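Opening the notebook on a new structure today. I'll jot down what I look up as I go.

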Amino acid sequence: MDTKKGTNHHTKTITFRVQRFDPNRDAEPRLQEYTFPVSQGMTVLDCLIYIKEKLDGSLSFRASCRMGICGSCAMFVNGFPILTCHTQTFELNADVIEIRSLPNYPIIKDLIPDLTMLFEKHKSIKPYIIRTDIKEIESPTREYHQSPQELEDYLQFSYCLKCGICLSACPTVATDRAFIGPQALGQAFRYNNDTRDGGTAERLDAIDHPHGVWRCHMAGACADACPKGVDPAMAAQLLKRQAAAAVFGRGKKAKPAGVAPEPKNVSRRPNIPDAPPRTVE
Amino acid sequence: MQANKHLDNRLGLRGWIRAGRYRFERYLYILHRISGLSLLAYLLMHIYVTGARIYGADAWNTTMGSVTGPVFTMLEFLVMAAFVFHGLNGIRLVLIELGIGIGRPMRQEYPYVNSNDKQRTMMWILMVLVVIILVISALDFFVL
Amino acid sequence: METRTHDLIIMGSGLAGLRAAVEAARVSGGKLDIAILAKTQLMRAHSVCAEGGTGAVMRPEEGDSLELHAWDTVKGSDFLADQDAVDLFVRSMPEEILQLDHWGIPWSRREDGLINQRPFGGHSFPRAVFAADKTGFFEMQALYDTLQKYAQVIRYDEWLATSLLVENGQYKGFTAIELGSGRFTSFRSKALIIATGGACRIYGFTTYSHTVTGDGMAMAYRAGLPLKDMEFVQFHPTGLVPSGILITEAARGEGGYLINNQGERFMSKYAEKMMELAPRDIVSRSAMIEIEAGRGFSDPRGLDYVHCDLRHLGAHRINERLPLIREVAIKFNGIDPIDNPIPVRPVAHYSMGGIHVNTEGATPIEGIWVAGEAACVSVHGANRLGTNSTAECLVWGKITGAKAALFAMQSKGMPELPMELARAEENRVMHELFARSGSESLYQIRQELRDIMDNNVGVFRTEQGLQQALVKVRELKARYQHAGLQDKGTVYNTDLITALELENMLDLSLSIVEGALVRQESRGGHARRDFPNRDDQNWLKHTLAYYTPQGPKLDYIPVRITNWNPVERKY
């Protein structure tokens, strides 16, 4: 068996040009250079942590899970927005790496963008299940029926981390800050396409306005930049179709799925023990 | 959090052109806008110029005479180019916005393939078509 | 100093915090002013890293039962769990799963449209309800999205709480810094729910997010609340080498093997019946024994490992059930689990211990509740079963959310803040820390802490190693006083955050090491080489650690055994 895999340790000296900005001191962001040997296996985030720990404790950036699932560490690296924890430094194939804060968001400090805009746009599209059977929702009796195929019809859109990368890739957001943006559109479609949901009409209202879904002109950048394969670009196009169909009174979703029926002909699984009798009274 | 205190980092129009290492489609987005605006400008000019016909054949001939020459041939070719690109790319966009050619939602497997990747063949076919038509029309404009 | 007032404040925005926020908003029906405060943005909490599943009895008709779930949990806990709490826990779980379904979580489904379940370590029934291998992430998302419905919940994203304001045993409020502006603020509220998660970033090789530093635990500890069972740290058998990223137990639940360098499924030697699906403490010890005996694969960094082999599962199953694991292995190690085994070794994963609470999640101080990993109810005892942590967060998120909301609605007056205390804290954080100078580096101290915890307070422990660790942590605590900040600015000063977190980690490390040193037995996650057996005669009891400036003062309380007396634990 190959035991050497992934353990050959070569290093390379790389210069990082890192954006610095402190609103109390700087009028404009500046780039500060740090040069050090990077070893194989270090992600871009590992390099930033190295700078913070060994070279310059005053550098600020966000990081949390370091495994590409929390969405904290999105930055603009060598001209492309990425999750820094999720990107191997060597993968960039560069001797000089420029790291900036995500474009299109105000900068709080150094590499930390203010994502308030993202969270508010997301909230505006009612990103939750909307139904009328309040009693069942408040005290559930059984799960709602949903087949694996129905699940896969919206599953990819629910991979969204809210990292904010798509809004910084989007050319429409670059000029129209009120544009609802790919993240929110993706989530609107995610809930519209969920068979348990009955809120399509409300959500279409929320995206059908002058800065809504029609401002998307399919530059495709959000889909290319999304680190999780959410594909907000597809969601936006399919939403347009939904919105157009609604105008003609077509494409109405059937009623949201009800609770699943009791399964029939169920037998006990083999080899399941019983809990031992109680030994304390 | 008060955003106004922080540096506004919006890309603005610059974000259309000098964006970064994006795929080709993001540059078609800006080209589509430029070609659209050029065609609009041409249309207004065209109405103005052809409006000279109202004042009789002489006026018409004078006006037409003033818009000939190599510069105007070049400009006319650019109008042609804008028209061909805008039209064919527009067909792509209409299809995409109708949900055609971008695949359908499905469980994603790494490495992810997105809608932009799925429409790429269509995009290249149309762009090659644009180039072919423009080469033929260039021959027509400048050589024949 | 600015003071902000809310009826109920939830500290921490992980699974327990969000669940508590939603429940409080529901119960209060708009009558309460609720705030949720966290040092990260919402949705960045470590709960998103939970992968494998959430345990609940969903199919009694197929042979599962609440008693069986309770028994598995108690046996898994090495009989240190409080059994009345376990009863409450297993009873509450099925509804939580359905509730999340109704709130839109993409639970993986069976062909018949029902929620699917898969096998998990230590469970006698395939009991893990799952959403691919991103269960925690999707649970967080469903709760976060549902929370958007409730306008009365105010968000404080990126506010770091620094101390609880407790005067004469009464809860009054707490102090916090708004990271984005550096403003120091005091908060007062009728009720507080602490849901700030575990502490195991004090280890270097760990599955935890960078942000999991036990801030809530440490604050409560310093405010006089006892910590329970801190010596019990869970080591997950399969942390990716070298990053420590979690390779979910579901990889084994779906049928993956653990293989040593002889090509053997070595678990056959240690847990004949359940093999790779024995509880985590047993699998971790087994993997360590294999590695120490030279039957692992060598790693130049010293992180010798075994293999987690998924190849026989096939591409389709891996892509459908374990997509995150595959992506992580490819992105971080360049290994596709479809073609190659994944290098793994035991890794610090969970704090069984936490702030001492009763079965309602209430602390000895009225007005403070604790939920999730920050609390020790104790459901997990000496070793937690996989799937029970996200479940615990949901159950006690709901319970504490409801209880705290009712308490806040019934209580009349808003407490008066002890401004002296608040100003002293402001002075400590905003002036003393900034003024501190010295040659020590925060990051160097943090690294040394992690190294000593990794080496001496790991899967196996000895008297000597723990003594060394105790001396070392005390030394680091002294050196910490001479570590100045390099960043003197106020806006988003991550140097300051590190300093405050490090102080919390040092205090908690002492309680872990001290508790481990005194507990002269091996039970669950606490394995002493010099005391290899469980000792129910002397040690069937919970450790309580009280804060004193010199170090923890230990006390013990009995385990509540209401169903089953301890028996030998075999898998």
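This is a predicted model: local features need pLDDT of at least 70, side-chain atom pairs count only at pLDDT 80 or more; totals for chains, interfaces and linings use all residues.

How many salt bridges does the rule count over all chains? I get 88.

**Entry 1: salt bridges, one by one**

I began with a pair inside chain A. A:Asp95 and A:Lys12 form a salt bridge, with the closest N and O atoms 3.8 Å apart. I looked up where the two sit: A:Asp95 is in the loop between strand S4 (80–83) and strand S5 (96–100) of chain A, and A:Lys12 is in strand S1 (residues 11–20), so the pair ties together parts that are 83 residues apart in sequence. A:Lys12 counts as partly exposed, at 26% relative accessibility.

Next I took a pair that crosses chains. B:Arg107 bridges to A:Glu152, and here the closest N and O atoms are 3.1 Å apart. B:Arg107 comes from the loop between H4 and H5 of chain B and A:Glu152 from helix H4 of chain A, so this pair joins two chains. I checked the arginine too: B:Arg107 counts as buried at 13% relative accessibility.

Then chain C. C:Asp507 forms a salt bridge with C:Arg222, at 2.6 Å between the closest N and O atoms. C:Asp507 lies in helix H14 and C:Arg222 in helix H5 (residues 215–222) of chain C, so the pair ties together parts 285 residues apart in sequence. Buried or exposed? I find C:Asp507 buried at 3% relative accessibility, while C:Arg222 is partly exposed at 24%.

I also found a network of salt bridges in chain C, with C:Asp78, C:Glu231, C:Asp281 and C:Arg285 among its members. I'll come back to C:Asp78 below.

**Entry 2: chain A against chain C**

How many residues does each chain bring to this contact? I count 87 from chain A and 85 from chain C. Together the two chains bury about 7,600 Å², 54% of it on carbon and sulfur atoms. A:Arg66, A:Met67 and A:Glu143 supply 10% of the area that chain A buries against chain C, more than any other three residues.

Several elements of chain A each supply at least two residues to the side that touches chain C, including helix H1 (44–55), strand S6 (107–109) and helix H7 (181–192). H4(A) gives the most, with four residues. That side of chain A divides into 41 nonpolar, 24 polar and 22 charged residues.

**Entry 3: chain B against chain C**

Here eight residues of chain B are in contact with 13 residues of chain C. The two chains bury about 900 Å² between them, with 48% on carbon and sulfur atoms. My salt-bridge count for this pair of chains is zero, and I get four residue pairs in polar contact (both at pLDDT 80 or more).

**Entry 4: cores**

Which residues touch the most other members of the largest nonpolar core? Of its 287 residues, they are A:Phe16, C:Leu37, C:Leu164 and C:Phe174. Helix H14 (residues 494–518) of chain C gives the most to this core, with 13 residues. I listed contacts of C:Leu164 beyond four places in sequence, among them C:Met11, C:Phe174, C:Ile194 and C:Ile368. Another core lies apart, with six residues, including C:Val241 and C:Phe297.

Reminder: most residues other than glycine have a negative phi, and most peptide bonds are trans. I noted the exceptions.

- The C:Val241 to C:Pro242 peptide bond is cis, with omega near 5 degrees; C:Pro242 lies in the loop between strand S11 (233–240) and helix H6 (250–253) of chain C.
- The bond from B:Tyr110 to B:Pro111 is cis as well, with omega near -5 degrees.
- A:Asp231 has a positive phi of about 60 degrees and is buried at 2% relative accessibility.
- C:Asp78 has a positive phi near 55 degrees. C:Asp78 sits in the loop between helix H2 (66–76) and helix H3 (83–102) of chain C and is buried, at 6% relative accessible area.

Note on methods:
Residues are numbered from 1 along each chain as its sequence is written. Chains are lettered from A and ligands numbered from 1 in the order in which they are written. Side-chain values use heavy atoms; hydrogens and water are left out. Contact means heavy atoms within 4.5 Å. Buried area is the accessible area (1.4 Å probe) that two parts lose on being put together, summed over both. Ala, Val, Leu, Ile, Met, Phe, Trp, Tyr, Cys and Pro count as nonpolar, Asp, Glu, Lys and Arg as charged, and the others, Gly among them, as polar. A nonpolar core is a set of buried Ala, Val, Leu, Ile, Met, Phe, Trp, Tyr and Cys residues joined through side-chain atoms within 4.5 Å. Buried means under 20% relative accessible area, exposed over 50%, partly exposed in between (1.4 Å probe, protein chains only). A salt bridge is a side-chain nitrogen of Lys or Arg within 4 Å of a carboxyl oxygen of Asp or Glu. A polar contact is a pair of N or O atoms within 3.5 Å; within protein, one must be able to donate a hydrogen and the other to accept it, and residues adjacent in sequence count only if both atoms are side-chain atoms.
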